[in-house]
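Q: Could you walk me through this one, taking the charged residues and a few other spots in turn?

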Amino acid sequence: MAIDPAQEFLVQPVNASWLQCNIECQEGCPVGTNCRGYLNLAAEGRFEEGYILAREPNPVAAMCAYVCSAPCERACRRGDIDRPLAIRAMKRFLYEWHRASGIPDDMPAITPRGTTVAVVGAGPAGIAVARELAVAGHAVTVFDELPYAGGTMLIGVPAFRLPREAIEADVDLVERLGVEFRYGIRIGREITFEQLQERFDAIAICAGAMDAVPLDVPGGDLDGIQYGVDFMKIANLGEPLTVGDDVVIIGGGYTAMDCSRTSLRHGASNVTIAYRRTRSELVVDEEELGETEREGVRMEFLASPVEILGEDGKITGVRFVRNRLGEPDATGRRAPVPVEGTEFVIKADTVIPAVSQAADNTFLPVEASFEINRGRVRVDPGTYATNVRGVFACGDFVTGPTTLIEAAGHGKKCAFAIDRYLSGRSTVEVDANVRIVSSWRHEMPEFWDTIPRVHVPMVQLADRMPSADPKVNFDTPVERGYSAAEAVTESTRCLMCNYNIWFDPFRCTLCGACADVCPEGVIHMIDVNQMKSEGALPELADAYGWSQGAAMVLDEELCIRCALCVKRCPFDAITMERFELQEISSDGRLYKESYRDSQLGLTGLGNQEDTGGYVR
């Protein structure tokens, strides 16, 4: 591919931050999971080590194995070439392999600190807060009004997607750390908030956002409306659920998908999801949407409800108007704009609004004077502290509805802040311990660049609803998960983004052999004056302005790490460098790691080097 001589290239210093950002799957994970690390371990058949690497940074790893929204997959660089790695499905394989193996989970040694923390809410954020604080030595008690832990995962996600055993696995590991869970207790009823303040040194509010936001259209009081969060709660707790023959779900998130598939399992004949934007704006992952449609749910895009129709107090249908996408709204997405004269009606006897949820603040004491912003408790974004001393808040209770992994990530950071508060630390420093190992003999696994994404096995449609009993259908799993062979094949597709190509400017003669051999065409020779930088780069000071100067540039996004350029270079001017990182805080906490690469089979050769002053 020819390079425009007028094109400019941004030159950046190669430091720990730049190298870590190349591992995009880990950077995309809210809890910092070393996804690439456990994929590489799985590719070598080292499943237990892969499980440990997947489990350690993630307080809700078992639940994530089934229903994580997988932001790591959206970030995966392999997706720029064909399709991203099935990282979430790989985590499920590792979790199920570990469970079947009978190998016990190692528990950390804990030194009690003599401090106590109350956690309000046993959902993903609450579980994350409890685990991190327990490991740090604080005595933690979790309160929840539900009969068991899990929060939204327990009452909002159907059993055919998330087995209850996965929730139990995550909760069990937290209980083994010494955390006490007290169920069936609503703050403000069985125990007051003031009593919590008296008994505990700190309080973390992780109560979620489980109050449905009312649908503001005429007819909203007709018989047949069931809000999505309430609908799923009834289904998950095994209570009697009334579902009509014609069901319309309003919304486009995971709750809408779950409500539609649950309706089918409870006998609905015609189910429609109406979403006000286009397919590309949906927040659900491709596989979830695909399975929803395969089961027979009809999608109606660019449609907003304007009225719920009824006769004799009961719903008969919903009137919609077509939209077009206008300018971006506050979230950055293009706002739907109604198109006049495009109204249409969908027949319905059950309508399930699943558009949004809000936090319930009624258990908070009025006299405490919590600062509220748009119905949510205001917290300091750096410390997660409310304006009430010793009270912190995180998760959906603060942010509004998010995903399982986002809530867990929020909970971890909140726990770190509470630990600092109880320890009397105002700030901590985080040091990046970096190791770079150079290799002239890097080898990728065979066929890694041509293997297509391994389809996640699913139960056949006819077997997903095998009974006239809705409970049987509701509990019948849909996804089967990978076999060991499939898991190894899929994980072999990883591009190993912790490896980077390095050109030695003192050895390179600009012969262009590397560009000639590159199968992806991502190496180019350019005029040195096309290189620009955000700040002064001493390494280039003498080169700028030289009419004969040239440089080799590499597109890291599309590089497949084949190392053909390394092998082709006649002067050994190109090496593959393996990057390893530990981010450890001054209070001894491991914030992020990608350092276990030295344990892998493909370890590279050469001496340890420092990254200071390198330029890419």
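Q: Which residues gather in a patch of negative charge on the surface?
A: Glu 165, Glu 168, Asp 172 and Glu 175 form that negatively charged surface patch. A patch is made of residues with over 30% relative accessible area and no salt bridge, with like charges joined within 9 Å and nonpolar side chains (Val, Leu, Ile, Met, Phe, Trp, Tyr) within 5 Å. This is a predicted model, in which local features need pLDDT of at least 70 and side-chain atom pairs count only at pLDDT 80 or more, while totals for chains, interfaces and linings use all residues. Residues are numbered from 1 along each chain as its sequence is written, and side-chain values use heavy atoms, with hydrogens and water left out.

Q: Where is Glu 165 found?
A: Glu 165 belongs to helix α10, which covers residues 164-175; helices (H or I, at least four residues) and strands (E, at least two) are DSSP runs, numbered from the N terminus. With a relative accessible area of 45%, Glu 165 is partly exposed, where buried means under 20%, exposed over 50% and partly exposed in between (1.4 Å probe, protein chains only).

Q: Moving on to salt bridges, how many does the structure hold?
A: There are 43 salt bridges in the structure, each being a side-chain nitrogen of Lys or Arg within 4 Å of a carboxyl oxygen of Asp or Glu. Side chains of opposite charge can pair when their charged atoms come close.

Q: What does the side chain of Arg 77 meet in a salt bridge?
A: Arg 77 pairs with Glu 24 at 3.2 Å, N to O. Arg 77 sits in the loop between α6 (71-75) and α7 (87-101) and Glu 24 in helix α2 (residues 24-28), so this pair ties together parts that are 53 residues apart in sequence.

Q: Are those two buried or exposed?
A: Both Arg 77 and Glu 24 are buried.

Q: And which side chains does Asp 82 meet in salt bridges?
A: Asp 82 has a salt bridge with Arg 78 at 2.9 Å, N to O, and another with Arg 493 at 3.0 Å, N to O. The pair with Arg 493 links distant parts of the chain, 411 residues apart, since Asp 82 lies in the loop between α6 and α7 and Arg 493 in the loop between α19 (484-491) and β21 (499-503). Arg 78 is buried at a relative accessible area of 2%, and Arg 493 is buried at 0%, whereas Asp 82 counts as partly exposed at 36%.

Q: Which residues are linked in a network of salt bridges?
A: That network links Arg 161, Asp 258, Arg 261, Arg 265, Glu 288, Glu 291, Arg 294, Glu 295 and Arg 464.

Q: Changing topic, what does the side chain of His 524 reach?
A: The His 524 side chain comes to 3.3 Å from the backbone oxygen of Gly 521. His 524 is placed in strand β22 (residues 523-527) and is buried, with a relative accessible area of 12%.

Q: How many residues apart in sequence are Lys 532 and Gln 12?
A: Lys 532 and Gln 12 are 520 residues apart in sequence, and their C-alpha atoms are 8.8 Å apart in space. Lys 532 lies in strand β23 (residues 531-533), and its relative accessibility of 38% counts as partly exposed.

Methods
Accessible areas come from the Shrake-Rupley method with a 1.4 Å probe; for residues, only the protein chains shown count as cover. Lys and Arg count as positive and Asp and Glu as negative; His and the chain ends are not counted. The place of a charge is taken as NZ of Lys, CZ of Arg, CG of Asp or CD of Glu. A polar contact is a pair of N or O atoms within 3.5 Å; within protein, one must be able to donate a hydrogen and the other to accept it, and residues adjacent in sequence count only if both atoms are side-chain atoms.
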